[in-house]
Amino acid sequence: MTRRSVLAGGAAAAAAGAGLLTGCGTGAAPPPGRADRKPGEKVTLRFWSWVPGIAAPVDLWNKRNPDVQVHLDTIIPGGSGGYAKLHAAVHTGGAPDLAQIEYHILPAFMLDGGLLDLTDYGVEKYQHLFVPWQWRQGVFDKRVRTVPEASGPMAMFYRADLFAKWGIEVPRTWQQYRDAAAKVRKADPGAYLMAFPPANSAYQTGLAWQAGAHWFTPSGQRWRIDMTDPGSTRMCDYWDEMLHEKLVLAEQDMQSGWFAQLQRGQIVSWVGPQWGDALLMGNAAGTAGKWRVALMPQWDETHPSAANWGGSSTAVMANTQYPEEAMRFAVWLNTNLDSVNLLIKGGYGWPALANSYHRTILDRPSKFFGGQRYNEIFAAADQQIDDSWMWLPTTASTLDHLNASIAGAVNSGGKLIGALRTAQQQTVDDLHAKGLEASGPGRER
């Protein structure tokens with residue numbers, strides 16, 4: 001078993017039937033022996049997470065399960081250092097029993113041998129409880145390695161009052177969205193339909209995803225990297241034009257300046273994730289009642305598609321001494337309706353729980369969105385996501401490369417497709433550095 005053979009297919013392996021992932025560890029400390037828990041014996045599980053509102057369902061579990069207590073350590077978000085801490089803990093044998101791990105990072109922890117194979121503990125009997133595409137995010141070589149938690153289907157938030165004032169119909173296509181952007185500029189030169197964030201690669205990845213791109217594909221025992229495919233090119237050409245003609249504002253989103261412009265009506269729409277509702281409510285409270293939600297503009301109305309931004313799982317780590325108890329908690333956390341409703345209140349995203357819209361507090365009108373049952377839009381978007389999209393064991397580095405290259409292109413007036421080409425070459429190099437076979441257009445190796 002070689003390092004080279006690990007994660008050649010990642011999460012895609014199961015879907016592709018390739019059986020390419022062998023799942024061996026590559027540096028993780030050997031797991032301790034499983035504890036022989038006696039009936040009635042009390043145990044405590046350690047859980048690392050930064051999910052908003054996670055403390056409330058953990059408290060509820062602890063009240064209902066006095067013999068299996070969960071000790072929550074709220075850590076900094078993964079991309080800000082949480083994953084570095086968890087990787088280090090995996091290597092030293094000090095990992096917690098459970099940890100929050102985003103879908104796009106799971107392959108990296110597979111490479112480290114940090115995830116427990118839950119198939120050995122019968123986790124598949126719970127599969128029917130979850131949204132299928134989210135469940136598959138944690139399946140590697142037909143083995144289940146995590147319990148899905150939440151995702152971020154994308155739709156369009158927009159200011160209904162300003163659209164009505166300026167005579168703008170809700171755009172259904174990207175061409176109509178472009179026309180709407182021009183009308184906003186004409187109606188109010190100080191306003192923009194949207195801000196394009198130069199250094200938010202998760203956002204641009206979502207746009208490419210919706211446009212039909214497939215950046216990472218297993219091919220035999222190697223990864224095929226193509227970030228300049230037709231879907232990516234179409235997406236880049238569109239936003240190049242929007243930026244060149246100053247129909248959108250080049251500005252980073254989810255920053256204080258961006259929130260202020262939302263409050264002042266200087267940015268009047270946001271194609272964003274479902275969990276963005278909490279950001280708008282919390283940071284643009286003065287605009288309550290003026291927002292609505294519609295599906296993302298489409299490239300082809302006859303073949304509607306949506307995108308996803310974000311998503312996490314509750315992983316049982318390989319070194320736990322209590323695998324059955326940890327798995328039981330992970331499943332309960334993400335399927336018990338009391339728990340899921342608490343997580344929704346905390347703003348954790350779109351539940352991985354199947355058919356969650358009509359079963360939870362998602363199905364209710366919102367004063368902030370003018371009485372609209374806006375989550376029914378996200379329920380529809382969730383059904384339009386291309387679930388063949390896959391991630392690499394070096395995805396975090398790819399997103400960093402995209403942040404730098406896209407910001408450079410926007411700031412210098414360069415082409416976005418050139419920025420993706422640069423990130424593509426860097427991604428192939430990253431995989432080679434990990435001892436994995438990879439190639440891109442013109443980069444066979």
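A salt bridge, as I use the term today, is a side-chain nitrogen of Lys or Arg within 4 Å of a carboxyl oxygen of Asp or Glu. Keep that in mind. And note that this is a predicted model.

Start with Arg 172 and Glu 301. Their closest N and O atoms are 2.9 Å apart, and the two form a salt bridge. This pair links distant parts of the chain, 129 residues apart. Arg 172 sits in the loop between helix H6 (160–165) and helix H7 (174–187). Glu 301 sits in the loop between strand E12 (291–294) and strand E13 (308–316).

How many salt bridges does a search of the whole structure find? Nine. Let me take some others.

Next, Arg 64 and Asp 338. Their side chains meet in a salt bridge, 2.7 Å from N to O. Arg 64 is in helix H2 (residues 55–64), and Asp 338 is in helix H13 (residues 337–346). Arg 64 has a relative accessible area of 44%, so we call it partly exposed. Asp 338, at 38%, is also partly exposed.

Now Asp 387 and Arg 136. Here the N to O distance is 2.3 Å, again a salt bridge between side chains. Asp 387 lies in the loop between H15 and helix H16 (395–412), while Arg 136 lies in helix H5 (residues 132–136), so this bridge ties together parts 251 residues apart in sequence. Asp 387 is partly exposed at 38% relative accessibility. Arg 136 is partly exposed as well, at 35%.

There is also a network. Asp 117, Asp 120 and Arg 143 are linked in it by salt bridges.

Now a contrasting case: Asp 382. Where is Asp 382? In helix H15 (residues 375–382). Asp 382 is buried, yet has no salt bridge. Which side chain of opposite charge is nearest to Asp 382? Arg 136, and that is 10 Å away.

On to helix packing. Two packed helices are described by the angle between their axes and the distance between the axes.

First example: helix H8 (residues 201–210) against H16. The axes come within 9 Å and cross at roughly 95°. That falls in the range from 65 to 115 degrees, so H8 is roughly perpendicular to H16. From H8, the contact uses Ser 201, Gln 204 and Thr 205. From H16, it uses Leu 399, Leu 402, Asn 403 and Ile 406. Sorted by class, that is three nonpolar residues, four polar and no charged.

The cut-off for roughly parallel is under 35 degrees. On the H7 side we have Trp 174, Tyr 177, Arg 178 and Ala 181. They meet Tyr 238, Trp 239, Glu 241 and Met 242 of H9. By class, this contact has six nonpolar, no polar and two charged residues.

That is the tour. Happy to go back to any pair.

Definitions and conventions: Residues numbered from 1 in each chain as written. Predicted model: local features only at pLDDT ≥ 70, side-chain atom pairs only at ≥ 80, totals over all residues. Heavy atoms only, no water. Helix = DSSP H or I, 4+ residues; strand = E, 2+ residues; numbered from the N terminus. Buried < 20%, exposed > 50% of the residue type's maximum accessible area, 1.4 Å probe, protein only. Lys, Arg positive; Asp, Glu negative; His and termini not counted. Axes fitted to C-alpha atoms, helices over the stretch in contact; angles between N-to-C directions. Parallel < 35°, antiparallel > 145°, perpendicular 65-115°, else oblique. Contact = heavy atoms within 4.5 Å. Nonpolar A, V, L, I, M, F, W, Y, C, P; charged D, E, K, R; others polar.
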